[in-house]
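Hi everyone, thanks for making the time. I'd like to walk you through a model, so please have a look at the structure while I talk.

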Amino acid sequence: MTEVKRRNSFKRTRTLKERLLEFAKQTRTLALQMAPCRERENLIREARLAETTAVLEEWIRSPGLRSPD
């Protein structure tokens with residue numbers, strides 16, 4: 001017989017928005033400590049993307065889903 005694999009599940013204590021904003025903060029802090037280079041620009045871009053994703057996630061979950069102004 002084959003064994004059914006189960007996914008490890010756990011309850012998250014922080015929302016996706018909180019985790020995204022924390023990641024953005026940590027990434028931006030790291031980037032600002034670096035000298036100007038391509039890697040720094042990539043980290044800043046990742047932080048900006050995480051912040052944008054947090055805003056979009058909040059919009060998607062909002063009641064009465066309306067397009068952003």
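Let's start at Lys 17, which is partly exposed, with a relative accessible area of 27%. By partly exposed I mean the range between buried, under 20% relative accessible area, and exposed, over 50%, with a 1.4 Å probe and protein chains only. Two notes on the ground rules: this is a predicted model, where local features need pLDDT of at least 70 and side-chain atom pairs count only at pLDDT 80 or more, while totals for chains, interfaces and linings use all residues. Residues are numbered from 1 along each chain as its sequence is written, and side-chain values use heavy atoms, with hydrogens and water left out.

So what does Lys 17 pair with? Lys 17 makes a salt bridge with Glu 58, and their closest N and O atoms are 3.1 Å apart. A salt bridge here is a side-chain nitrogen of Lys or Arg within 4 Å of a carboxyl oxygen of Asp or Glu. Lys 17 belongs to helix H1 (residues 16–32) and Glu 58 to helix H2, so this pair ties together parts that are 41 residues apart in sequence. Helices are DSSP runs of H or I with at least four residues, numbered from the N terminus. Glu 58 is partly exposed too, at a relative accessible area of 43%.

How many salt bridges does the structure hold? There are three. Another one joins the side chains of Glu 51 and Arg 28, at 3.0 Å from N to O. That pair also links distant parts of the chain, with Glu 51 in helix H2 and Arg 28 in helix H1, 23 residues apart. Glu 51 counts as partly exposed at 30% relative accessibility, and Arg 28 is partly exposed at 26%.

The remaining pair is Glu 57 with Arg 61, whose closest N and O atoms are 2.2 Å apart. Both of these residues lie in helix H2, four residues apart, about one turn of the helix. As a reminder, an α-helix has 3.6 residues a turn, so residues three or four places apart point the same way.

Now for H1 itself. Which residues of H1 are buried? They are Leu 20, Ala 24, Thr 27 and Ala 31. Seen down the axis of H1, these buried residues fall within an arc of 75°, so they line one face of the helix; the arc is that of the directions from the helix axis to the C-beta atoms. The cover over the buried residues of H1 includes H2, with contact taken as heavy atoms within 4.5 Å. Over on the other side of H1, Lys 25 and Leu 32 are exposed.

Back on H2 (residues 38–61), let's look at Ile 60, which is found in that helix. Ile 60 counts as exposed at 55% relative accessibility. Together with Leu 56 and Trp 59, Ile 60 forms a nonpolar surface patch with about 280 Å² of accessible area.

One last stop is Arg 7, in the segment before H1. Arg 7 is exposed, with a relative accessible area of 79%. Between Arg 7 and Ala 35 there are 42 Å in space, C-alpha to C-alpha, for a separation of 28 residues in sequence.

Methods
Patches are made of residues with over 30% relative accessible area and no salt bridge: like charges are joined within 9 Å, nonpolar side chains (Val, Leu, Ile, Met, Phe, Trp, Tyr) within 5 Å. Accessible areas come from the Shrake-Rupley method with a 1.4 Å probe; for residues, only the protein chains shown count as cover. Helices (H or I, at least four residues) and strands (E, at least two) are DSSP runs, numbered from the N terminus.
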